[in-house]
Amino acid sequence: MNVLTILIPVTLILGGIGLLAFFWSLRHNQFDDPKGQANRILSDRYDDHPAEDVDEDPKEPR
Amino acid sequence: MTDAAWPSGMACPACAGAPEPPETTNPAGAPASPLRRYEISLPSIHCAACITGVERGLAAEPGVAAARVNLTLKRVAVTAEDAPGTESRLIEALAARGFEARPLDAAALEATRTDAVGRDLLARIGVAAFGLMTVMLLSVSVWSGAVDSTRDFFHWISALVAMPAIAFAAQPFFSNAWAALRAGRLDMDVPISTAILLAVGVSLWETANSGDHAFFDAALMLSFFLLIGRYLAHLTRASARSAAAEIAALEVHMAERVAPDGSRETVPMDAVREGDILAVPVGARVPADGAVTRGRSEIDASMLTGETMPEAVAPGSAVRAGMMNLSGPLLVRAEALGDETLLKQIARLVEAAEQSRGRYASLADRASRWYSHVVNILAITAFFGWGLLSGDWRLATNIAAAVLIITCPCALGLAVPAVLTAASGRLFRQGVLLKDGDSFERLAEIDSVVFDKTGTLTTGRPVLTNADALPAGTLALAAGLAEGSAHPLSRAIVDAARRTDVRPTPLTDIVEHPGLGAEATGDGESLRLGRAEWVGASRQSDVTTSWLRIGGAEPIALRFTDEPRPEAAETVARFRAAGLPVTLLSGDGDAPVRALAERLGIETWIARATPADKVAHLQTLRDAGRKPLMVGDGLNDAAALAAAHVSMSPASAVDASRSAADLILIGDRIDRAVDAWTLSRTARGRIVENFSMAFAYNVVTVPIAYAGFVTPLVAAIAMSFSSIIVSLNAMRLGRRT
């Protein structure tokens with residue numbers, strides 16, 4: 001049963017990593033255009049991230 | 001967010017091969033002027049090649065910093081220099097590449113662009129899923145036989161994970177329930193919140209006292225399934241809302257104003273003042289009510305009155321906003337503005353009609369209203385029944401919590417949103433835009449159909465009817481005269497010639513007289529094609545007629561009708577076959593309306609109806625307890641659309657009608673109305689099925705819960721089972737057909 005003291009924290013940490021990854025993808029507009037992402041994979045051109053939100057980076061020049 | 005700001009991170013990385021700031025991705029024209037965001041609607045894009053084509057095409061335009069297609073919304077967001085004319089240049093560039101493009105008003109779309117509510121719900125679903133998986137892992141070991149201190153230990157860890165997860169994930173239910181209670185109402189969220197809170201409370205108590213059962217997983221599962229239902233409902237609403245916003249943003253209201261010194265500028269309609277002179281080119285709509293000051297032309301008023309016969313205008317004639325200028329450029333002095341215009345009068349009629357329609361209580365509202373009472377009563381009786389009979393109040397609380405968890409409407413919360421999401425997805429593929437879920441339910445209830453004539457059942461384009469009866473050579477001459485003109489009657493003559501393989505006689509000296517007709521010499525004779533009084537025809541005709549005079553001979557009549565759409569007869573027949581009475585309600589004259597009604601087999605028809613008459617007709621139907629569907633496209637239909645039980649507009653309709661209608665037929669095919677109606681009936685059937693399944697599930701499980709046999713394991717199985725069945729049943733509707 002001592003293995004539980006390792007396994008339970010491991011479970012929580014792995015789950016937590018998954019949750020954080022999900023939050024990250026939410027904040028980076030990964031869910032804004034599901035149909036478009038499904039099709040973009042068919043294109044040859046390099047395209048690794050969706051559109052960013054305007055207010056996420058206010059320092060950028062207009 | 002700032003209106004014009006746009007981050008460099010938006011750069012379409014695909015354009016240059018690597019994600020770099022947009023200023024470097026477009027060497028063709030690094031824009032020096034301030035950038036602005038433009039939104040362009042692309043109704044025809046559908047594939048990866050379209051995305052690449054649009055983005056590459058736009059990036060090649062000078063002044064464009066970045067372009068990104070959103071295929072889900074069928075739009076492209078372009079960051080380009082903020083200079084006048086940029087938008088129309090981009091649209092031409094897209095059209096040249098074969099993409100149908102329409103400008104959208106970026107400000108009108110701002111509200112629907114970032115979906116904050118949807119993201120919030122997704123985040124809560126994520127947290128609930130994380131909590132559910134972790135707790136379920138521990139619960140499975142408890143159910144498999146963990147005892148004593150191990151069980152307590154697992155329960156404590158579950159509590160540690162479940163409490164913050166529930167506090168975050170179930171928060172929308174808590175706040176809704178609190179708002180409902182404060183307003184003295186009971187809605188679905190009250191029993192949901194009670195069940196979740198009671199389940200957590202009981203479980204905590206049991207855990208602290210080393211009890212056998214903890215319902216942490218049940219509380220999380222409840223939140224998880226119900227949040228999915230909420231999210232689906234939100235998706236349907238959001239896509240309907242963005243459709244409505246897109247429709248509103250489609251028409252950018254601009255007018256070309258002529259200054260006293262003759263210079264012209266394009267200004268928004270809001271800036272036009274009374275007395276301004278506005279230029280109306282051929283093929284454009286008159287922007288404001290007023291009087292013609294210069295030019296002669298013919299005006300098509302069919303959008304306003306339903307009448308298809310073009311009307312001649314000369315200096316001094318009154319014109320109204322929305323009329324189409326057919327043959328010669330006009331200058332119009334704006335007269336009535338603000339509340340005086342016909343458009344505003346129609347808008348007032350629409351508003352009045354909408355108010356009289358009243359609020360519609362959806363099926364889910366009606367079901368949840370009595371359901372929440374039943375659930376509360378069941379839980380309370382279980383609590384007092386067990387408490388008084390056994391004297392064991394801890395057991396009574398446990399059983400009351402179990403009853404609440406079991407009856408809690410997981411399946412009910414999914415039943416309607418899942419069906420509506422599946423149905424609206426399928427509608428969209430069929431070319432029908434749904435503006436809200438309610439209207440889809442109302443569509444299933446209709447018991448009569450009212451059609452407008454011009455532009456709805458007919459194409460709104462005239463067709464030459466007596467081509468075969470014309471003397472030999474006449475059609476060739478008429479087509480020769482008509483060839484260069486954009487007038488709808490001229491085009492109809494040329495079309496008829498092409499159809500019957502008649503080669504138009506080549507004529508060189510054609511002179512067009514706007515508002516009158518065209519003149520030329522051919523075969524050594526003077527030729528005139530045009531209006532009766534100009535050509536010198538004495539006979540009058542009750543159908544739209546053009547006259548052709550060859551030399552000094554008696555003018556020959558060329559007759560036109562507005563042809564019904566090819567699918568119109570089938571549409572009417574399908575509605576009639578389903579037992580729905582069909583009425584034709586038109587502002588056009590008696591003869592053409594009767595002719596169309598007879599041709600399509602419509603038994604009731606009303607001609608010469610003003611917009612107010614149309615509203616009155618629908619009101620009478622509603623007062624008689626009928627639930628009419630109105631299909632129309634003209635400005636004169638807008639108020640009637642709002643007065644009907646549910647209404648549809650083809651996408652070609654004027655924007656007042658499009659915004660008054662509940663459903664928009666994008667494909668511009670009128671038989672989609674029948675398809676949408678059939679689908680709405682199926683969807684309604686599916687909703688009722690789902691309700692009955694949820695009900696049957698309760699009939700089975702409530703006695704078990706009452707008897708005290710519901711362990712957390714039974715609750716988990718029962719809840720997920722019923723939710724999955726209901727979702728699968730809904731998804732059958734979305735199948736590709």
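Predicted model: local features only at pLDDT ≥ 70, side-chain atom pairs only at ≥ 80, totals over all residues.
## Basis of the model

Local features need pLDDT of at least 70 and side-chain atom pairs count only at pLDDT 80 or more, while totals for chains, interfaces and linings use all residues. Residues are numbered from 1 along each chain as its sequence is written, chains are lettered from A and ligands numbered from 1 in the order written, and side-chain values use heavy atoms, without hydrogens and water.

## Helix α25 of chain B

Let's start with α25(B), residues 672-706: its 35 residues reach 50 Å from first to last C-alpha, close to the 51 Å expected at 1.5 Å a residue (1.5 Å times one less than the number of residues). Helices are DSSP runs of H or I with at least four residues, numbered from the N terminus.

A kink of about 30° lies at B:Val700, shortly before B:Pro703; the bend is the angle between axes fitted to the seven residues ending there and the seven starting there. Just after the helix, B:Gly708 has a positive phi of about 85°.

## Its partner, α14

The axes of α14(B), residues 410-429, and α25(B) come within 9 Å and cross at roughly 160° (lines fitted to C-alpha atoms over the stretch in contact, with angles from 0 to 180 degrees between N-to-C directions). That makes the two helices roughly antiparallel (over 145 degrees; under 35 counts as roughly parallel, 65 to 115 as roughly perpendicular and the rest as oblique).

## Between the chains
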